[in-house]
Structure formats: C-alpha cells, structure tokens
Amino acid sequence: MVIALAACGGGSSALVEGTLAKRPQPTTPKAAFETAEALAPRLATVEIAIRNRSTPDAGVELLGREQQVLYRTLAARPEWQPKVLEAVPAEIRASVRANLTADTELTQLGVPTDELPHWHIVAPAAPAALVADYKAAEAASGVPWQYLAAIHLTETRMSRIRGNSSAGAQGPMQFLPATWSIYGAGGDINSDHDAIFAAARLLKSRGAPENMSKALFAYNNSEHYVKAIAIYADVIRTDERTYFAYHAWQVFYGDRLLPEGFDNP
C-alpha cells in the first residue's frame with residue numbers, strides 16, 4: 001500500500017512512498033559491520049574524504065554510494081547511533097547527526113508496499129550540470145540552490161526515478177499536472193532544467209527565500225518533509241562537496257536496490 005501525501009508542488013514524492021519507507025538492512029552493496037564501534041571509523045573516513053578537495057570526482061561518487069549504505073545500516077540499527085555519534089570526530093558529528101535525523105523524518109512519510117513500483121531507473125545528469133541549473137534558478141528567484149538540490153534528492157534521487165507518484169505527480173521534482181500548469185512556464189515537466197526552475201518559482205510564490213519553512217510546507221504539507229529538506233540543504237550549504245556525494249545515492253525500494261536500467265512498466 002502506498003500513501004498519497006497531499007502537496008501543492010509534488011503530491012506524494014515517488015521516493016518517499018517506498019524507498020525510504022522501510023528500514024531493512026541494506027543488501028546491495030553490503031556493509032559488513034558487526035558493531036557500532038567498527039562502523040564509526042569507516043563512516044568518519046568516508047565523510048572526511050568526501051570533503052577533501054584532493055579527492056577526485058570519481059572518488060566522491062564511490063564514497064557517496066558507500067556513505068548511503070552506511071547510513072542505511074545505521075537506520076536499521078538505531079541502537080548504534082548514539083555510539084557512532086560519540087565515536088566520530090567532532091568536525092563531522094553535526095553532519096552525521098543531520099543525515100540520521102533527515103532519514104528519521106522521511107521515514108515518517110511513507111507506508112511500505114509489497115509491490116515493486118512502476119518505475120524506470122535511469123542515470124542522472126552530471127552533478128556539475130545540475131548544480132548549474134540549481135544556481136541559475138537561484139539567480140532568477142532568490143531561492144537558495146541547496147533547497148532545490150535537497151528536493152531533487154528526496155523526490156527522485158536526482159531524476160533517477162522515471163515514474164509517477166500515486167497522486168499523479170510527475171517529473172524530476174514531482175509536480176502535479178495542475179500545479180505544473182501554473183509554475184511550469186510552458187516547459188517540459190520531465191526536464192531537469194524546467195522542473196528545477198518551476199520548483200523555484202513555486203517556492204518563491206509561497207514565501208521563499210524569506211520563509212523557507214512556509215514555502216517547503218506548500219511544496220509538501222508535512223513538517224517531516226520540511227525538516228528533512230532543510231537538513232539536507234544545510235549540510236550542502238556547509239560544504240558544497242557533500243552535494244556530489246548525495247548525487248551518487250541510488251534508489252532503494254525497501255531492501256532492494258533498483259539499479260540503473262531497472263524497468264517495471
């Protein structure tokens with residue numbers, strides 16, 4: 001069963017409906033840690049390397065995928081989280097706590113379904129191209145680009161998911177057709193560029209950037225959603241390189257990885 005989350009901008013997020021709704025242990029790839037004390041140093045190494053300017057772009061992509069699995073492991077073992085937070089270096093503790101909190105908020109939004117979604121999973125556009133679109137939309141609207149990136153991450157994993165939500169929301173930023181007719185400016189609902197700009201226009205019309213919480217609530221009327229988006233945006237704002245790790249996060253549906261090429265019409 002899938003819930004339909006009422007929202008002005010995106011209806012129910014495709015990703016929220018299933019990918020973040022269950023909390024099983026990750027299966028692909030595996031994170032083989034038997035204790036929190038064993039996981040903590042690896043998570044610290046990954047987080048620090050992501051922020052290291054000498055880490056090549058390809059390295060950040062691999063680190064981002066490992067980062068996602070580590071957080072999925074912690075989400076499945078909440079009793080480990082206090083120990084991990086205590087063990088990681090102070091310089092990354094706030095970011096680790098933020099990612100764990102965002103996951104907790106998003107898990108409040110979805111109800112698991114046993115059926116695989118009718119999605120097609122594709123490769124996303126290059127991170128630099130998406131960042132250019134986010135920043136151009138910020139320049140046009142005043143909406144901080146980090147919020148647009150966080151919405152994109154949460155809704156469709158940077159456009160990896162091609163498919164509608166149960167409420168009929170469509171495209172990279174999950175717009176209902178009626179809402180798209182207002183904010184889409186005649187563009188293509190399935191275009192990254194057009195959808196990102198439409199999201200910025202919607203948020204601007206609802207109070208952004210002065211009142212981002214109000215604007216985000218208009219996009220998806222859930223306080224859990226608002227908190228999660230704000231958290232991810234703040235992490236990216238603190239260090240832009242964290243976006244490139246988020247960009248690598250893949251699509252999981254419950255305990256199943258839906259790789260690029262997955263197709264369930």
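Which residues of helix 10 (residues 212-219) are buried? In this predicted model, the buried residues of helix 10 are Met212, Ala215, Leu216, Ala218 and Tyr219. Viewed down the axis of helix 10, these buried residues fall within an arc of 155 degrees, so they line one face of the helix. An α-helix has 3.6 residues a turn, so residues three or four places apart point the same way. The cover over the buried residues of helix 10 includes helix 7 (145-156), helix 9 (192-205) and helix 11 (223-238).

The axes of helix 9 and helix 10 come within 8 Å and cross at roughly 120 degrees. That angle makes helix 9 oblique to helix 10, and the crossing is right-handed. On the side of helix 9, Ala199, Leu202 and Leu203 make the contact, and they meet Ala215, Leu216 and Tyr219 of helix 10. The residues of this contact divide into 6 nonpolar, no polar and no charged. Ala215, Leu216 and Tyr219, which belong to this contact, are also listed among the buried residues of helix 10.

Helix 9 also packs against helix 7. The axes of helix 7 and helix 9 come within 10 Å and cross at roughly 120 degrees, which makes helix 7 oblique to helix 9. Helix 7 passes helix 9 in a right-handed crossing. Here Leu148, Ile151 and His152 of helix 7 meet Asp192, Ile196, Ala199, Ala200 and Leu203 of helix 9. By class, the residues of the contact between helix 7 and helix 9 comprise 6 nonpolar, 1 polar and 1 charged. Ala199 and Leu203 take part in the contact of helix 9 with helix 7 and in that of helix 9 with helix 10.

Thr55 is placed in the loop between helix 2 (36-51) and helix 3 (57-76). Its relative accessibility is 14%, and Thr55 therefore counts as buried, the cut-off being under 20%. Apart from neighbours within four places in sequence, Thr55 is in contact with Ala49, Val60, Leu63 and Arg241.

Ser95 belongs to helix 5 (residues 90-106). With a relative accessible area of 13%, Ser95 is buried. Leaving aside neighbours within four places in sequence, the contacts of Ser95 are Glu47, Arg51, Tyr71 and Val235.

**Backbone features in loops**

Most residues other than glycine have a negative phi, and most peptide bonds are trans.

| Residue | Phi | Loop | Relative accessible area |
|---|---|---|---|
| Ala185 | about 55 degrees | between helix 8 (177-183) and helix 9 | Ala185: 64% |

Which peptide bond is cis? The bond from Ala208 to Pro209 is cis, with omega near 0 degrees. Pro209 lies in the loop between helix 9 and helix 10, the two helices whose axes cross at roughly 120 degrees.

Technical notes:
Residues numbered from 1 in each chain as written. Predicted model: local features only at pLDDT ≥ 70, side-chain atom pairs only at ≥ 80, totals over all residues. Heavy atoms only, no water. Buried < 20%, exposed > 50% of the residue type's maximum accessible area, 1.4 Å probe, protein only. Helix = DSSP H or I, 4+ residues; strand = E, 2+ residues; numbered from the N terminus. Arc of directions from axis to C-beta. Contact = heavy atoms within 4.5 Å. Axes fitted to C-alpha atoms, helices over the stretch in contact; angles between N-to-C directions. Parallel < 35°, antiparallel > 145°, perpendicular 65-115°, else oblique. Left-handed = near helix turned anticlockwise from the far one by under 90°. Nonpolar A, V, L, I, M, F, W, Y, C, P; charged D, E, K, R; others polar.
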